Amino acid sequence: MAQNVTNVAQTEEVTSTRRVIAASSVGTLIEWYDFYIFGSLAKIISEQFFPKDNPTAALLATLATFAAGFVVRPFGALFFGRLGDLIGRKYTFLVTLVIMGGSTFAIGLVPGFKTIGFAAPAIVFVLRLLQGLALGGEYGGAATYVAEHSPHDKRGFWTSWIQTTATFGLFISLGVILIVRQTLGLEVFNDWGWRIPFILSVFLVAISVYIRMKMSESPLFAKLKKEGKTSANPLAESFQKKDNLKMVLLALLGATAGQGVVWYTGQFYALSFLQNACNVEFVQSNIIISIALIIGTPFFILFGSLSDKIGRKYIMMAGMIIAVVAYRPIYTMMYQEANLKTKQEVVEKTVVKTKAEVKGADSLLTSVTTKEFADGTKYKETVKKKFPVDPEKKAAMPKDKLKPETKKEVTLSQNSFNKMVGFVLIQVIFVTMVYGPIAAFLVELFPTRIRYTSMSLPYHIGNGVFGGLVPLISTRLVEFTRPAPGAPPADPLFGLWYPIIIAGVSFVIGMLYISNKTNNVDEE
Amino acid sequence: MSVIKRIFGLLWTAMGVGIIPFIVMRAMQEIGEKPTEENWIFWSIVIVVLMPIIAFSLIAFGVFALKGEYNSVA
């Protein structure tokens, strides 16, 4: 009889924990999905809302891209973190979910620049800032909420489910975009079909809000509140008290900065490198990343769970140092795998097609060259040259405006495709090593009364600023090696020095100063 | 170990202080050579967002490490 009661109690506990994890993870997953579709559709959004010939709109585009990641995310972390430590975790991350879903849905409905003019980029800019704000508040809440429900010896395992959401969110966003694009066709997708992934968000958010509404407050926070021990000023307590500030700095420099650059390199820079340095065709490059992400995702759980047994520190540090050492060899192999100079061309299969047409007052010359290689790789180069029909106008045009637009697309052979998936997968494994245990590590670093505020800021500076800058800084570093404008870069891998240096410094700091001991979150 | 932590504290502080003139001079040189809009945006982001975070956090962290604040952590 006593055994039956124990079994029932254990079953109820497992069901309850699963519900907590599911409710938190689904919401966080949707938030990441919402955040990523804007980035993945940046080119179309730019054409619809931020025309390049309008300088103000172009500036807003830049700000929307960067501000949401750099400025607003840490600000959201502070704002919602404070709220979460004052009124509770449950209601705070419910609010962030509604803000994120609402803004994403609204982006999908905003008329384009051609219809409402300057109001279009202004509205999208504000909505994008709201997205960044909501994301800044969401993660800390979800991680804290799950951690405060988890048993001490399984915290790494339970919180690692939250860690899968960022990668899974990116996978779903890429998947939804590809499916909608393939179903509607490129023209319709570019015209209005791109709105579907945004509008879809409202249904996902509605389901998630319903699930979260049914959840109860974190037991540790509820106890603290009942006893009147919650912080009156979480911001001051987090960042003005030396004992806590030093841990915030340690979390940032010894963990999240390195983790952020490894994360962004493995998931975003890899995609950008495939598309821009290796010229891999758009759909194929996205499929490579998607497959690597889906195979790699279970490793978050594996490393989160392992961190419960051997400690968080060594897994995260191993991920960082292996990434530091392996990045250049991996990217060299990726570059070589798509390098046409190393492949044998089947000359008789080369086809060149040219087309000349008049569009209004302009002439458009299009030349398409397709090549095939012995290993099955295909190459397509499209050169478009546009100039005024009137020779006088043509002569008066600046030279840079007459420069032809060239698009190179490499479709890899099956063998090269598989290898590329492998190269990206290795990087995703690094991501899972540094990211899988980090939620448990962060929540254990700070006391319950200021946990939401204290852990959110280093997380979002590490990921939003250090990590978020990887594409910008790495691309820029490669530009430094270009001997002349338009010439190929002398070292296409030079951009890797940014993540290598940041992760290297983080590794040294983490090894020296971070403890491998797992702290109990309810010890106050 | 405590001594190593303190010595490295000096290194972090020096890195935090040194990074400011390094980035500012590099930005001035780059913008001076090519005053394009792209250059301005890039260096503005680095100077306004990234540099203060790196400099402040390294200096503060280094000072804490120098004072032995992290000796009892690991």
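Colleague: Is A:Tyr139 buried or exposed, and how do I tell?

Modeller: Count its C-beta neighbours. A:Tyr139 has 29 of them inside 10 Å, so it counts as buried. The cut-off for buried is 20 or more. Keep in mind that this is a predicted model.

Colleague: Where is A:Tyr139 found?

Modeller: Look in helix 6 of chain A, residues 119-149.

Colleague: Which residues does A:Tyr139 touch, leaving out those up to four places away in sequence?

Modeller: A:Thr28, A:Ser456 and A:Tyr459. Take A:Thr28. It sits 111 residues from A:Tyr139 along the chain, yet their C-alpha atoms are separated by 6.7 Å.

Colleague: How many residues of helix 19 of chain A are buried?

Modeller: 17 of the 17, so helix 19 of chain A is largely enclosed by the rest of the structure.

Colleague: On to the two chains. How do I describe a pair of packed helices?

Modeller: Give the angle between their axes and the distance between the axes. The crossing of helix 12 of chain A with helix 2 of chain B is left-handed.

Colleague: Which residues of these two helices meet?

Modeller: From helix 12 of chain A come A:Lys246, A:Leu249, A:Leu252 and A:Leu253. From helix 2 of chain B come B:Ser57, B:Ala60, B:Phe61 and B:Phe64. By class, the residues of this helix contact are six nonpolar, one polar and one charged.

Colleague: How many residues does each chain bring to the whole contact?

Modeller: Chain A gives 16 residues and chain B gives 17. On the chain A side, helix 3 (55-86), helix 12, helix 19 and helix 21 (497-513) each supply at least two residues. Helix 12 of chain A has the largest share of that side, five residues. The side of chain A that touches chain B has twelve nonpolar, two polar and two charged residues.

Colleague: One last residue. What is the phi of A:Asn279 near?

Modeller: Near 60°, a positive value in a residue other than glycine. A:Asn279 lies in the loop between helix 12 and helix 13 (282-296) of chain A. With 19 other C-beta atoms within 10 Å, A:Asn279 is partly exposed.

Note on methods
Residues numbered from 1 in each chain as written. Chains lettered and ligands numbered in written order. Predicted model: local features only at pLDDT ≥ 70, side-chain atom pairs only at ≥ 80, totals over all residues. Left-handed = near helix turned anticlockwise from the far one by under 90°. Helix = DSSP H or I, 4+ residues; strand = E, 2+ residues; numbered from the N terminus. Contact = placed C-beta atoms within 7 Å. Nonpolar A, V, L, I, M, F, W, Y, C, P; charged D, E, K, R; others polar. Buried ≥ 20, exposed ≤ 12 C-beta atoms within 10 Å, placed from the backbone.
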